[in-house]
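Here are my notes on the model. Please keep the sequence and the 3D view open as you read.

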Amino acid sequence: MLSYTSHCLQALLGVASLPYRQYQAYSSPQAPLQVPQVPQAGPPITTLVSSCAGFSYPEVACIDRYGSLLQGEFERKVRNVLGDADTYISTNAPSEPTFSDLQNADFLVWNQSAAKAILGPNPHVDFMFSIEDCSHEAPVYVPTTNELYFSRLQQGFLPQLVINLNNDPPTLEEKLAQPPIYAATGARFRDGLLYLATIGGNESLAGYTFRPGAGSAIIDPNIYPAPHIAYNSTRKGRTIYAYDVAPSRKALLNKRPVYLSMEYAPDGIKTSREGYLVSATGKGIVVLTDEGEPLVRVQTNFTVINIAFAGAERDELWAIGKGGVARIRWGLKGSYA
């Protein structure tokens, strides 16, 4: 670096002097600093709710990635009150303009490829009857008379409620058994007879067949289409559990959770001929794989307590609950057993 010093210092140091020059200030234009743009991580923003190919919208609504990516803030108010079920569609998501369309949907689709066979070509949800705003249970289809029986869990109420499917539209009436059957919570039809279970017992029990001659009980082999797996649910944990059935059919082993209900508590678990699990959950019904993956949800305007397949081909699903009865016509079919 060249520097300029005084003549005295230059003489002392023996440094040759250079004449002082007046330098003009110099500047050159600078190019703006270029900062490379780093792409942002994360999935692209997509429409949360959209139409499903082949179905009318918003009656059938497809939800992107199980609704796991919500833009902005959202809030779902929950009241821990039995029977006062909060709902998925009551979620407040102001930054998701399509979310409100779910309130007008009959079917919510989580898996579009599976939904085509589940829903069939022309799915419908029909609200059929207004009933008392209390729990109703034990729906069972009687093929010999083409009727659907169910019970009302109400003190002092003894008749069975019966939907006559021979009429168009179906009609609802009461039938009183002799002796009366009080508060049935489960029912099966077998070999021309109707079997009903009344309140009592243990919620951890699965479906059993009692053999009077032997005086013992085994797990009913016709309740579950998968011969080595059984399912049940608990209201405390909103969970569906799967079990392995022992070869003797006298024990359930290896309890494991497969599904946590998004609304209320799962109840009335049924299986379709196609191998799906179908369960009442709050204000609707959910369709799951045998491992608990949600595929489709049916929405109702009342809390569903239990369900049953009905009709000659078992191609109608009837839902009963608090205040209402609904009929679902779609692609799934129930077991003949």
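Is Tyr88 buried or exposed? Tyr88 counts as buried, because its relative accessibility is 11%. Buried means under 20% relative accessible area, exposed over 50%, and partly exposed in between (1.4 Å probe, protein chains only).

1. Ground rules. This is a predicted model: local features need pLDDT of at least 70, side-chain atom pairs count only at pLDDT 80 or more, and totals for chains, interfaces and linings use all residues. Residues are numbered from 1 along each chain as its sequence is written, and side-chain values use heavy atoms, with hydrogens and water left out.

2. Aromatic pairs. The structure holds 4 aromatic pairs. Rings of Phe, Tyr and Trp (its six-membered ring) pair if their centres lie within 6.5 Å; planes under 30 degrees apart count as stacked, over 60 as edge-to-face and the rest as tilted. The ring centres of Tyr88 and Phe99 are 5.5 Å apart and the planes stand at 70°, so this pair is edge-to-face. Both residues lie in the loop between β2 (60–63) and β3 (107–109), so the pair ties together parts 11 residues apart in sequence. Phe99 counts as buried, at 4% relative accessibility.

3. Another partner for Tyr88. The rings of Tyr88 and Trp110 have centres 5.8 Å apart and planes at 65°, so this pair is edge-to-face. Trp110 lies in the loop between β3 and α2, so the pair ties together parts 22 residues apart in sequence. Trp110 is buried, with a relative accessible area of 11%. Tyr66, Tyr88, Phe99 and Trp110 form one aromatic cluster.

4. The largest core. The largest nonpolar core has 29 residues. Such a core is a set of buried Ala, Val, Leu, Ile, Met, Phe, Trp, Tyr and Cys residues joined through side-chain atoms within 4.5 Å. Those with the most contacts inside it include Phe107, Ile118 and Trp330. Helix α2 (residues 112–119) gives the largest share, 4 residues. Helices (H or I, at least four residues) and strands (E, at least two) are DSSP runs, numbered from the N terminus. Domain 1 (49–108) and domain 2 (122–203 + 237–329) both give residues to this core, so it lies between them. The domain bounds come from an automatic or database domain assignment.

5. A second core. A separate core of 22 residues includes Leu48, Leu70, Ala242 and Tyr259.

6. Charges over rings. Arg152 lies over the face of Phe157, at 4.4 Å from the ring centre. The charged end of Lys255 sits over the ring of Tyr241, 4.2 Å from its centre. The test is NZ of Lys or CZ of Arg within 6 Å of the ring centre and within 35 degrees of the ring normal.
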